Amino acid sequence: MTPKRGYGRRTGSMDALMTVGARNAAAQGISRRDFLRRVGGAGAVMLGGPALLSACGIEGTAETSATTAAGSSGSTAAAGGSNQLFVDNWILYIDTTEDSPDGTSTIDEFQAESGIEVTYTEGVNSNEEWFGKYQAQLGAGQATGFDIVVLTDYMAARMLRLGYAEQIDKANVPNAVNLVDALKSPSFDPERDFTMPWQSGFTGLAYDTDQTGGELDSWEAIRDPKFKGKVGLIGGYPDSIGVILLMQGKDPSTASLDDMLGAADELAKLVSDGQLRQVYGNEYIDELIAGNLAVTAGWSGDIFANQEDSPNLQFAFPQEGVMIWTDNMLIPKGAANKANAEKWMDFYYRPAVAAELAYWVWYVSPVAGAQEAMADIDEEFVDQPLIFPDEATLSQSYIFRALDETEETTLNEAVAEATGV
Amino acid sequence: MTATADRPARTEAAERAERRRRRVPYLLLAPGLLWLLVFYVIPMFQLGTTSLQEGTLETGYRFTGNVESWTSVFTTYLPQLRNSLLFAFGATAIGLLVAYPLAYAIAFYTGRWKGLFLSLLLVPLLVPFLLRTLAWRVILADQGVIVSTLQTLGILPDATGRLLSTGWAVLAGLIYNYLAFMTLPIYVALDKIEPRLLEAANDLYANPWTAFRKVTLPLSMPGVISGTLLTFIPAAGDYVNVDLLGNRTWTMMGNVIQSKFLVIVDYPAAAAISLTLMAIVVTMVVVYVRRVGTEELLQ
């Protein structure tokens, strides 16, 4: 596994915008998992103010979601004539014109071919923030202004549970057949009627060999007293509780709520013992590079992107397994240009386009055939297991089980309590 | 004839003018009042009603007069409340100790370079809040200059000692982030002091320390009050510094509110905790301003 670092493609355009620590972070090839997550949180509280206030009269959605799902495909015909498309995605999560291997970004190609004018924004700083910002509108039955948003599994599950997503008209997305088998039927959307994966990634064991003094192959390292105060975890229950469940030898894809609450207890112990330095957002990677962490849960693409500059960083698939998560495209309820959104999904499920995207973002491509198409771009990327995982890798990867609202609230409260809030 | 016909007409005109004049203050106040109503009174009212609701996103929220959210603040979140007040007090007190001499020096000793020093004070504010805070991660890193110096001096234990991800780093971040807001009002108050008052004190045989205590300090108190409030209030509600520089054993009320609102999606609890924190801070501010306003603190 000697990843070849592209052409600094993800850092070039960002460098000019940043200073001090942030520049450092960007130069280290930080991924789209925003280093601005925290400011996002701050902004969300401000932007969320009105949402909080109008929360006075939020209607329940449980009873209306079924009708939305059933009636949505009919409503798209009206939007057929529009030539606009509004996409909201995570930062640094799509190829740009200047860095494209063939000189044209995939967005440009899509626009030229379809005649659709795309407004692409990088407004998803965190799942929670995006939800907090638009919940009031969605709850009141108003459009968000976006035709596609990209959210991680658990938040996509919440959107579906609340009936905040439009059903995808599969007839408009013939390339959906290219979706890899492993992702075809997640528990929150078994037929993929509402969501299409954008990219996936692994949450595995990331460590600094300078500090560990050798290879690690078990999540036990997280509670090894040797690394006290030098251990990190990533926030959000699918990552934090998922990893602890693996460490306890449990299967996060089938674990009971009690198992999860048991994992939250272990999290509380890790925090109170001082074993855990901090529960991080995206900034865990800076802390690992700076030498403040010896061992941490980490996202595959981040480590891959930083190994050339920091050869002491390692990403392990521990013997207990790794978490695999997916960021999903979905069409928010009331989207004005639903048919165009489906065209966009179809376009990104062409193997050649998916390969171009994967070449840039370095996360796991959900499109079958992208691996073969990658050969035309760069041979060295074809056998990269972090982009195109093999069967053995996938069999060791666990998707966090979808929770219902009561379970999710209970678990969120337990995790909050464990982490001092 | 003509005179009697004219007179009531003139009076009417005068009355109209008088009425218009009376309306002027209200017209001038209208934009401000409207702003207050729309962006303060109504939101506060809605925050209040939200805090008494019950429900979930799926079932909807209904006003039930449920006060459970309110009691939870004092049963569950006392440590976080204590942290918020401790950090805010610490940041205000240490900030004042740093800011007062700084403002004094700029006001009285920088001469024609005053503008330059003031801009130096303000330049960091041009860098976004988040990046300014992130910079402290570099300054306080385990292998950074400060930590290794403290380790060499034996103040921090060698192997396990650290500053980043501790309460000390949170305190440092809070002091730094609000230093300019503390310094500027004090500078403005000091800068306005008439030098002849100090000469008069000197003529009356006051030594420099007495002159400072009897003249300069009382005249600068309005600046000190503004500065301390501009530091204490936002510091008490801060959560970013804990997230970026602290760790989960040092969480503040702001972190609780953020988690309730964004992660747990418990809007009633978030509203109740916000209002409680607001009430506590307002009470402390009122007591403080009244005491300092009567100059009791100076006696």
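In the predicted model, helix H9 of chain A, spanning residues 237-247, is largely enclosed by the rest of the structure, because 10 of its 11 residues are buried. The buried positions of H9(A) are Tyr237(A), Pro238(A), Asp239(A), Ser240(A), Ile241(A), Gly242(A), Val243(A), Ile244(A), Leu245(A) and Leu246(A). After H9(A) comes Gly249(A), a residue with a positive phi, near 80°.

For chain A as a whole, the secondary structure amounts to 17 helices and 10 strands. Of the 421 residues in chain A, 55% are buried. Among the contacts in chain A with a separation of 6 or more, 78% are between residues 24 or more positions apart.

Chain B is divided into two parts by the domain assignment, with domain 1 covering residues 2-42 and domain 2 covering residues 78-298. The centres of domain 1 and domain 2 of chain B, taken over C-alpha atoms, are separated by 45 Å.

Helix packing in chain B was examined for two pairs, both of which involve helix H7. In the pair formed by H7(B), residues 167-191, and H9(B), residues 208-237, the axes come within 7 Å and cross at roughly 160°. Since angles over 145 degrees count as roughly antiparallel, H7(B) and H9(B) are therefore roughly antiparallel to each other. The crossing in which H7(B) passes H9(B) is right-handed. On the side of H7(B), the contact is made by Leu174(B), Tyr178(B), Phe181(B), Met182(B), Pro185(B), Ile186(B), Val188(B), Ala189(B) and Leu190(B), which meet residues of H9(B) including Leu219(B), Pro222(B), Gly223(B), Val224(B), Gly227(B), Leu230(B), Thr231(B) and Pro234(B). By residue class, the contact of H7(B) with H9(B) comprises 15 nonpolar and 6 polar residues and no charged ones.

In the other pair, H3(B), which runs over residues 78-109, packs with H7(B) at an angle of about 40°, the two axes being 7 Å apart. This angle makes H3(B) oblique to H7(B). Here, too, the geometry has a defined hand, as H3(B) passes H7(B) in a right-handed crossing. The residues of the contact of H3(B) with H7(B) divide into 22 nonpolar and 3 polar, together with 1 charged residue.

Key. Residues numbered from 1 in each chain as written. Chains lettered and ligands numbered in written order. Predicted model: local features only at pLDDT ≥ 70, side-chain atom pairs only at ≥ 80, totals over all residues. Buried ≥ 20, exposed ≤ 12 C-beta atoms within 10 Å, placed from the backbone. Helix = DSSP H or I, 4+ residues; strand = E, 2+ residues; numbered from the N terminus. Axes fitted to C-alpha atoms, helices over the stretch in contact; angles between N-to-C directions. Parallel < 35°, antiparallel > 145°, perpendicular 65-115°, else oblique. Left-handed = near helix turned anticlockwise from the far one by under 90°. Contact = placed C-beta atoms within 7 Å. Nonpolar A, V, L, I, M, F, W, Y, C, P; charged D, E, K, R; others polar. Domains from an automatic or database assignment.
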